[in-house]
Amino acid sequence: MFAEQMNEVVFHVDVNSAYLAWEAVDRLQHGSPVDLRNLTAVIGGDEASRHGIVLAKSGPAKKYGILTGETLYAARQRCPGLIVIPPRYHLYMQCSSALIDILRQYSPVVQQYSIDEAFISCYLPAKDPQEGVKTAHRLKEQVKQELGFTVNVGIGPNKLLAKMASEFEKPDKVHTLFHHEMSDKMWPLPIDELFFVGRATARKLRGYGIYTIGALAALDPALVHAWLKKPGLLIWQYANGKDYSQVTEQGPPIKSIGNSNTIAFDVTDRDTAHQILLALTETAAMRLRAIDQCTRVVAVAIRSHELFTYRHQRKVQTPLDSTSLIWHQACQLFDESWKGEPIRHLGVHLSELCGNDFYQLSIFDQHNEKLSRLDQTIDLLRSRFGNSSVFRGCFAHSPIRPLMGGVLQEQEEEYPMMSSQL
DNA sequence: TCTGGGGTCCTAGGACCC
DNA sequence: TCTGGGGTCCTAGGACCC
C-alpha cells in the first residue's frame, strides 16, 4: 500500500479577521440578529485605561482604511460611527482550540503558530497535485460548518510558501504556491508583502531600487548581505522560496517570559512603581515555575508618558525562580534607571532561562528554600482556587491589581505563545 | 483619554582578558 | 612608542512576527 509515491505538502491555516469573526459567531449563537462581520466594527481595547487600539477589524471596516494596531481615535476619524467591541480572550482561546481539534483530523503534525494560525503537514499522492487543493477545501468547509468562521488555507512545499499563499485573496479561500508558481504569484508582489520584510527593511530596499519580491530574488545574495546583514540573507532565501524549517508539533522551546502593562494612570512615585512591578513579577514568575525553569537575566522596561521606552537588565549570579527575589532585582533595576518622569507602562522580562534542577539541589541556602516552598504553595493554591485566592497584603487597600500582565490569567499556560520564527 | 502585549533574533559597542 | 588585536561577556537597542 506504500507503493504509490507520496509527497509532503504544508498547509497554512489562517482565520479571517480572527477576533472579530469569533466575536460575531458567538453573538449569533447567543441569538444576536446581526453579524458583526457585515458591519463597520472592530475589536478594540479599553480607551479609559489607555489600551485603545484596534485588535481586529471587519471587512467593511477595512474598506475605510482602518488598520490593526492603530488607535481607536484614528479609526473613528476614518469611520465615524464605528462599532467598537471589547476583547474576550477566553472565548478566542476556545475558538482557537476548537480549530486545532479539527486540524488534527487532517494531519498528525499540527503546529500552532499563533492564536489564529497553524501549519499542518500532509502526505498526498505525488501524481495528483489537485488532491491537496481538494483536501484544503474540505478542511475549510468543515471549519465553516462546525465552527461558523472562515479560514484561508495556503498550500506549499514548505512553511514559508504556504504562509505566503494564505495571504493571497481573502476571505474563505484556498491558494497554492509551489516553486514553479513563484514567478507568477509571488515575484510581482511589492517587497513589503514578503514575510520578514517590515517597514524598516522595505524602506531600505526601496532606497536601493528594489520594489518587488522578484527584484529581491534576482539579486546577488552577497549584495543583500552587505546591505542588510544576516536578515538580508534570510529574506533573499524567502524571496526565492527557500525554507527548510520543519512543521513540529510543539514549536520551539520558550526562551523568555515577559509581563508588561500600560497603567490606567501615570505613575509618579517609586512605591507605586514597585508595587506594579510586584504584580507583574507575580505572573511572570508563576509562568516560569510552571515550566520548571529559572531565569538568569532580569529586565525592567519603562515607557514614559511621552512614549519613550527604555529598559535596564542585569545578569544575576544565581538563577532565580522566586517571586520575591526576582521582584527585588526588578526594583533595583527600576531605581537605577528611572529618570523620574511620569510612567505610562512598566514591564518585567525574564530571559536566559535554565532548568531548575541545579537550583533545587542547592538547598543549603535556607532562605531560598523557604521562599521556594512559599512560592510553590501559593502556585498550588492559585491553580486550585483561582488566581485571586492568594495575594500579598500590600495590595489589600490598593487600587493596583495584585496580578498584572496576564490577560489570560487562569488558562494561559495551556496555550502556546506566539513566535516570530517559522 | 492617541499610540497593547506577547515573543525571537541580531548587532553595536564597551569592558575585560590574554 | 604612534593608541595591536582577537575572543568573550554583557547591555542596550532595533528589527521582525502575531
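Me: How many residue pairs are in polar contact across the interface of domain 1 and domain 3?

Reply: A polar contact is a pair of N or O atoms within 3.5 Å, where within protein one must be able to donate a hydrogen and the other to accept it, and residues adjacent in sequence count only if both atoms are side-chain atoms. Here the rule finds three such residue pairs, both residues at pLDDT 80 or more. This is a predicted model, in which local features need pLDDT of at least 70 and side-chain atom pairs count only at pLDDT 80 or more, while totals for chains, interfaces and linings use all residues. Residues are numbered from 1 along each chain as its sequence is written, chains are lettered from A and ligands numbered from 1 in the order in which they are written, and side-chain values use heavy atoms, with hydrogens and water left out.

Me: Which side chains meet in a salt bridge?

Reply: A salt bridge is a side-chain nitrogen of Lys or Arg within 4 Å of a carboxyl oxygen of Asp or Glu. Between domain 1 and domain 3 the count is one, and the side chains of Arg 50 and Asp 266 meet in a salt bridge at 2.8 Å, N to O.

Me: What area is buried between domain 1 and domain 3?

Reply: Buried area is the accessible area (1.4 Å probe) that two parts lose on being put together, summed over both. For these domains, whose bounds come from an automatic or database domain assignment, that area is about 780 Å², with carbon and sulfur atoms giving 53%. Arg 50, His 90 and Met 93 supply 67% of the area that domain 1 buries against domain 3, more than any other three residues.
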